[in-house]
Amino acid sequence: MPSLRQLRFLTALADTLNFSRAAEMCHVTQPTLSTGLKELEGRLGVVLAERTRQSVMLTPAGKDIAARARIVLAGIKDIETAAQQRSGALQGEVHLGAIPTVGPFLLPRALPQIRRKWPDLRVFLREELTESLAAGLADGRLDVILAALPHDLGDAVVEPLFQDGYKLAVSTSHPLAAQGPASPEDLSQTPLLLLERGHCLQRHALSAFPGIDLRPDESFAATSLPTLVSMVEEGLGITLLPNLAVDAGVTQGHELALLPLPGTCPRQVVLAWRPGSPHSAIFLEMAALFRQVHAATQRM
């Protein structure tokens, strides 16, 4: 039977595709890791990785077994956490993932409160796109994620936090800058500057007005909201910005006009975790804390 140590070696190699970095992650020497993986291959009777002087690549069997190993290791972690909670010791690690259009604007205010509330709980943060977060949650790499709906999160437990609407951002020289609230017709006349493909906000922005055909500007795509703000300030186009980011100050220091958008369909920001997680009670409390932080931000 494979050992947990060998499974950790394999998942580390799958994450890094580099024996040296994988060994560092597992706090062992490279020969120890290589020997452990060779023993695992011998025990299973399959080749898990193809090795050359320049690169490492997992075989199809290696990818499949690494994915299954993550589930096993996540289960072991859940058992350890459940035992700690039964003993009355709320400690250990929580790996929290967040999408780039939520994490930077919510977590800086929430994390100090999380640390005060759970001083013995170590929180590790990852900022990734939604597809990667959902996969990390499913395979045990992440324990809980901050995401935005609509998006398929599989069988995860989903706790709604708040709805996040939009402002229309235009340069101060744009014809729309002098008018009041913007209408769907205003947006349908001009392609929108948006984040690059893979960001769920791109899809959410294009569906902000159901029934209205909003179009992306195919000639530009930004990698982050601050970049998008700078592009709009330079007069390269118009965009929709989430209220969460606006309230957190993403436009401060920029000369922009922000127009209300009545009637938009907001995105739903949620906290999600695996069913049966031993941290479920904590995550429900975290959800309440995130809601409080967001409400306080809106009052500032």
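Which residue in E4 stands opposite alanine 98? Select alanine 98 and look across to glutamate 127. Before going on, keep in mind that this is a predicted model, where local features need pLDDT of at least 70, side-chain atom pairs count only at pLDDT 80 or more, and totals for chains, interfaces and linings use all residues. Residues are numbered from 1 along each chain as its sequence is written, and side-chain values use heavy atoms, with hydrogens and water left out.

Now widen the selection to strands E3 (residues 92-98) and E4 (residues 121-127): they run parallel, joined by 7 bridges. Helices here are DSSP runs (H or I) of at least four residues and strands (E) of at least two, numbered from the N terminus; two strands pair if DSSP finds at least two bridges between them.

Next stop, the open sheet: 3 antiparallel strands in the order E8-E7-E9. Strands E8 (239-242) and E9 (256-260) are the edges, each pairing on one side only. Pick out E7 (residues 166-171), which 5 bridges join to E9; leucine 168 has leucine 259 as its bridge partner there.

Finally, go to histidine 294 in helix H11 (residues 280-299). Buried or exposed? Histidine 294 is buried, at 6% relative accessible area (buried is under 20%, exposed over 50%, partly exposed in between, with a 1.4 Å probe and protein chains only). Show its contacts (heavy atoms within 4.5 Å): leaving out residues up to four places away in sequence, histidine 294 touches Leu106, Phe162, Gln163 and Leu244.
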